[in-house]
Amino acid sequence: MFESLQPMPADAILGLIVEHKEDPRAEKIDLGVGVYRTAEGETPVLHVVKQAERRLVDSQDSKAYLGTAGNPSFNSAMQSLTFGQAEAADRMLTVQTPGGSGSLRVAAGLILRARDSATVWVSDPTWNNHVPLLGGAGLLLEPYPYYDGETHEIHIDAMLEALRAAPKGDLVLFHACCHNPSGLDPSEEQWRQITDVVVERELLPFIDMAYQGFANDLDTDAFAVRHMASRVPEMIVSTSCSKNFGLYRERVGSLSFLVADRDTRDTLASQVSSYVRTLYSMPPDHGAAVVSSVLHDAALRERWIVELGAMRNRLREMRELLHGALKEKAPSHDFSHLVRATGMFCFLGISVEQVGRLKKDFGVYMVDSSRINVAGITPGNVEYLAESIAAVL
Ligand code: LMR
């Protein structure tokens, strides 16, 4: 049966975890997969998560099934976290999903159930897994210009022009904040312009918000979602709690739909339920139960916001640190885009060949596109990192 299968290449991001782990060099640096790390290189469980987990162990009295939509109190808390106090709550549906990827996958299935020839416009570039995940589910994907690798800025005019030319009814995948991989987001003014085009062309926004709280505070990072929700009749939002709650391996995410009216919402709820049942039956409970207890408890929520702020600030400081070190080690090169970007990622702006040399000669690991996860930078390794980068320029 399986002899006809050919081996697949390792995933561009996940493959780096293994390569870095197997590298015996003590000075190696992992700037690959998007996980937060402390200055000691650890990815600890948030204190607030530990606290909520202890409470859960004591208070949970059943492990019986919850159903295809997951935990209702998680869903209501995530809907508010995503949309704020939305006026259109009776046109909204939110379900718990296995991570942000599970959310994107369920969204893809529902889009295809509604329209089998749907086209989704995706930013060029976008997260390495967006195209395999959404395209693999059967959606047609088209790129829209986003990042200018020369100037390290957003191609806003080209982006708006491409969206103006998109056929009515097509979907557009946006990153709500901390664009992965570039780290560059439209300003609020630019989001307003983008929304005008979305409304004018009757496009359907499909927003991926995997880093809420990593660029700015939770509300500022949700600007694009909330602004669009106030202007469009329909939209889809996928969220992830992997980064902002540090719950990576627990697989916690949500999928929200804003639809035309309450009846459509109810029909959609039955469709989502039947779709999820055929895919994974129902989402895992634990991580979402943790998030729900944090978001519904004022003291825990406050503590979470403080821990999230500390992660965000460390990322910002590490960008500044690397930028400063590169100014010294490679003074003729401009790396100022490193500090213009936010969140976990940005491009270094070097070639695949230079990325290869960094890995081979210095044990510095990053995605081939030269996307770096700034959480891998520490005060202890930044000198070595900047010297290594300068050596391959
Ligand atoms: C990343 O882009 O590195 C993260 O979102 C992790 C992943 O699953 O790729």
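Predicted model: local features only at pLDDT ≥ 70, side-chain atom pairs only at ≥ 80, totals over all residues.
Local features here need pLDDT of at least 70, side-chain atom pairs count only at pLDDT 80 or more, and totals for chains, interfaces and linings use all residues. Numbering runs from 1 along each chain as its sequence is written, and side-chain values use heavy atoms, with hydrogens and water left out.

**Stop 1: the ligand.** Select the ligand and show what surrounds it: Ile 13, Val 33, Gly 34, Trp 127, Asn 180, Tyr 211, Lys 243, Phe 345 and Arg 371 (each has a heavy atom within 4 Å of it). This shell divides into five nonpolar, two polar and two charged residues; Ala, Val, Leu, Ile, Met, Phe, Trp, Tyr, Cys and Pro count as nonpolar, Asp, Glu, Lys and Arg as charged, and the others, Gly among them, as polar.

**Stop 2: polar contacts.** Now look at N or O pairs within 3.5 Å. A ligand oxygen sits 2.7 Å from a polar backbone atom of Gly 34. For the side chain of Asn 180, an N or O atom is 2.9 Å from a ligand oxygen, and for that of Arg 371 the distance is 2.8 Å. Taken alone, the ligand exposes 260 Å², and the protein buries 79% of that (Shrake-Rupley method, 1.4 Å probe).

**Stop 3: a ring pair.** The whole structure has six aromatic pairs.

Stop 4: Go to Asp 124 and Pro 125, which are joined by a cis peptide bond with omega about 0°. Finish at His 152, a residue other than glycine with a positive phi, near 55°.

How values were computed:
Polar contact = N/O pair within 3.5 Å; in protein donor to acceptor, adjacent residues only side chain to side chain. Phe/Tyr/Trp six-rings, centres within 6.5 Å; stacked < 30°, edge-to-face > 60°.
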